[in-house]
Amino acid sequence: MSSVPRAERVHRPPDSWTNALRERIVSTVPPGQALPDRQPVYVSSWIYVFGVLTLAALTVVVATGCVLAVGGSAWWHVSSLGHFVNSLHLWSVELFFGFMVIHLWGKFWMAAWRGNRVLTWVTGAVAFLASIGTAFTGYLSQSNFDSQWISAEAKDGINSIGVGAWFNVLNPGQMLLWHVVLLPLAVGAITVMHVVLVRRHGVVPPIDAEDGE
Amino acid sequence: MAIPTRTRPVAQQGRRAKEDRTRDSHSFATRPYDLVKEFVAALIAVSLLTVGLAAIFSSPDEPAITMAGWAEAAPNDVVATAAAELAGTSTSASYGAPYNSAAEGQKVLRAPLQKWGGVRIPVDSAALVLAPLTQARADAPTMAALATWRSAAADTRIGWATAYADALGKAPDGNPAAVAAGSYGPVPVLTRSFLDVALSGGLEGQLTSSGNFYGGDQTRALLLLSDGAYLEDSARAQHLGGDQWGMMNETGDYPGQPWMWLYTFWYQVPPFSTSENADAQVWALMMVLTLGLMFLPLIPGIRDIPRLVPVHRLIWRDYYRDHPRRPGQAH
């Protein structure tokens with residue numbers, strides 16, 4: 001007969017991978033902070049808008065990219081609608097990077113890594129880098145003169161560090177798959193991590209702010 | 001209203017945390033804020049802005065250069081490129097890894113990174129010319145020239161092709177018809193036939209199929225095109241040269257990839273602009289700078305700049321106005 005009190009036997013969850021994962025998920029973000037309806041009073045500046053603008057632009061980038069994928073890689077060369085969707089994709093990417101760079105500079109001047117937020121900064125920087133790679137492979141996947149020239153130039157850079165055989169910029173089939181599968185998955189995953197970390201610790205308080213002010 | 005946090009309190013976070021007393025935001029006073037409404041508004045605004053920009057500015061789509069287009073626009077360049085491929089003096093023939101072992105490749109701090117990558121995409125430059133001619137089942141003179149080429153010793157082949165490439169270089173406009181008489185073996189016939197194959201429009205397929213119905217790899221075709229002068233001349237005419245910030249630009253008056261400005265910048269300035277190892281050096285430098293960006297919060301001095309330069313006073317001006325510091329208290 002077990003010596004554990006009956007009440008403890010009832011409420012203590014059994015040791016299992018499922019329970020461990022659930023505990024991990026539940027404890028990652030404080031209760032109510034995953035999607036809060038309140039924000040600290042110091043969140044009062046236009047600079048905060050650029051984080052959500054970056055996410056909004058990323059949404060438009062993915063959506064327009066999906067429409068381009070429906071038509072296929074050559075569709076936009078032969079269809080005026082396809083060309084317009086390509087234009088939407090291009091300009092949403094330009095906006096995405098513009099918003100992201102302003103967001104990054106804003107977070108730099110806030111020293112937003114304070115208060116155990118270093119990983120939040122690191123994931124943001126990695127998201128920026130992965131986005132550059134994604135955009136770059138997009139330029140290589142256009143199947144036009146830009147793709148020819150950019151790939152011809154880029155091969156020297158990537159070959160010079162010995163990885164050109166694995167990431168062959170002269171192979172548009174490989175670059176297209178990196179552009180539409182591997183790198184978007186990386187950007188998506190790191191963005192989710194970044195947003196979860198932001199919600200975990202909340203928006204960084206002003207420099208030298210006292211607790212609870 | 002202060003919301004309790006479940007993350008570890010500062011006192012439990014070790015020595016570094018003791019120095020950095022910044023708290024989670026959940027312990028600060030709050031006000032109502034509709035995050036979902038903000039995102040939806042941002043999504044609508046960005047969508048409208050995107051539609052406006054796309055409608056007004058469209059997007060560039062300069063057609064790709066075809067081999068037939070290259071042959072029509074610059075036939076002498078095609079012949080010169082073919083001769084260089086046969087002589088083994090073209091850019092790709094003397095490139096090194098990953099295409100061949102003809103060169104050591106670029107180095108960083110004496111480390112031959114390019115060589116270490118290995119020859120994993122072997123490309124025989126002479127085959128870029130000979131394989132299409134063979135597959136095209138050309139006329140009798142071409143087949144005879146191919147047979148002559150194949151039966152000759154390697155040194156003899158190189159001698160013919162090098163002599164012809166040099167002669168083309170000396171001819172007015174590189175015109176094959178104006179080349180001085182010399183011992184070129186079958187090379188003039190081979191290069192002329194190669195030009196004919198290119199003009200026929202069949203060269204792309206012969207360079208990309210590799211015996212496979214689905215030819216998705218353009219490596220050999222792009223190497224051949226890059227070995228000629230026409231591609232670069234076309235790019236420079238559009239201000240896309242390597243020393244024209246070409247890596248971040250695109251055709252027409254479009255913004256291109258301005259986020260690559262720093263990478264492109266290094267190619268414009270010494271010592272990179274004059275270095276034989278510029279690519280490897282720029283990559284190495286960018287990797288260091290990238291690590292610096294990622295781990296900027298851990299770099300003393302740089303991480304202190306935001307505290308020393310009071311841009312944060314502007315960002316949080318409402319907060320600082322409502323929470324003035326007491327005398328002697330830092331801000």
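Analyst: Happy to. One thing to keep in mind is that this is a predicted model. Let's begin with burial: buried residues make up 40% of the 331 residues in chain B. In chain A, 55% of the 213 residues count as buried.

User: What makes B:Val179 count as buried?

Analyst: Its relative accessibility is 17%. The cut-off for buried is under 20%, so B:Val179 goes into the buried class. The residue sits in the loop between α8 (154–170) and α9 (187–200) of chain B.

User: Which residues is B:Val179 in contact with, leaving aside its neighbours within four places in sequence?

Analyst: There are B:Tyr164, B:Ala167, B:Leu168, B:Ala171 and B:Tyr184. Each contact rests on heavy atoms within 4.5 Å.

User: Why is A:Ser143 called partly exposed?

Analyst: Its relative accessibility is 42%. Buried would need under 20% and exposed would need over 50%, so A:Ser143 falls in between and is partly exposed. You will find it in the loop between α6 (118–140) and α7 (145–160) of chain A.

User: Which peptide bonds of chain B are cis, for example the one from B:Ala97 to B:Pro98?

Analyst: As background, most peptide bonds are trans. The bond from B:Ala97 to B:Pro98 is cis, with omega near 10°, and B:Pro98 belongs to the loop between α4 (75–87) and α5 (113–117) of chain B. The bond from B:Pro270 to B:Pro271 is also cis, with omega near 0°. B:Pro271 is in the loop between α13 (261–266) and α14 (278–294) of chain B.

User: How do you know that chain B is more spread out than a compact globule?

Analyst: Let's start with what the chain is built from: 17 helices and one strand. The globule rule gives 20 Å for 331 residues, while the radius of gyration of chain B is 30 Å, well over that value, so the chain is more spread out than a compact globule. Along the principal axes, its C-alpha atoms fill a box of roughly 95 × 50 × 40 Å.

User: What radius of gyration does chain A have, and what would a compact globule of 213 residues have?

Analyst: Chain A has 23 Å, whereas a compact globule of 213 residues would have a value near 17 Å. Its C-alpha atoms fill a box of roughly 75 × 50 × 40 Å, again along the principal axes. The chain has eight helices and one strand, in the order α-α-β-α-α-α-α-α-α from the N terminus.

User: How many residues of each domain of chain A take part in the contact between them?

Analyst: First, the domains themselves: the assignment for chain A gives domain 1 (44–110) and domain 2 (114–203). The contact takes 19 residues from domain 1 and 17 residues from domain 2. Over C-alpha atoms, the centres of these two domains of chain A are 14 Å apart.

User: Where do the domains of chain B lie?

Analyst: The assignment gives domain 1 (67–90 + 125–236), domain 2 (248–294) and domain 3 (300–331). The C-alpha centres of domain 2 and domain 3 of chain B are 34 Å apart.

User: How many positive and negative side chains does chain B have?

Analyst: Chain B has 27 positive and 30 negative side chains, and the centres of the two sets are 20 Å apart. Chain A has 12 positive and 12 negative charges, with mean positions 12 Å apart.

How values were computed:
Residues are numbered from 1 along each chain as its sequence is written. Chains are lettered from A and ligands numbered from 1 in the order in which they are written. This is a predicted model: local features need pLDDT of at least 70, side-chain atom pairs count only at pLDDT 80 or more; totals for chains, interfaces and linings use all residues. Side-chain values use heavy atoms; hydrogens and water are left out. Helices (H or I, at least four residues) and strands (E, at least two) are DSSP runs, numbered from the N terminus. The radius of gyration is taken over C-alpha atoms; the globule rule is 2.2 Å times the number of residues to the power 0.38. Buried means under 20% relative accessible area, exposed over 50%, partly exposed in between (1.4 Å probe, protein chains only). Lys and Arg count as positive and Asp and Glu as negative; His and the chain ends are not counted. The place of a charge is taken as NZ of Lys, CZ of Arg, CG of Asp or CD of Glu. Domain bounds come from an automatic or database domain assignment.
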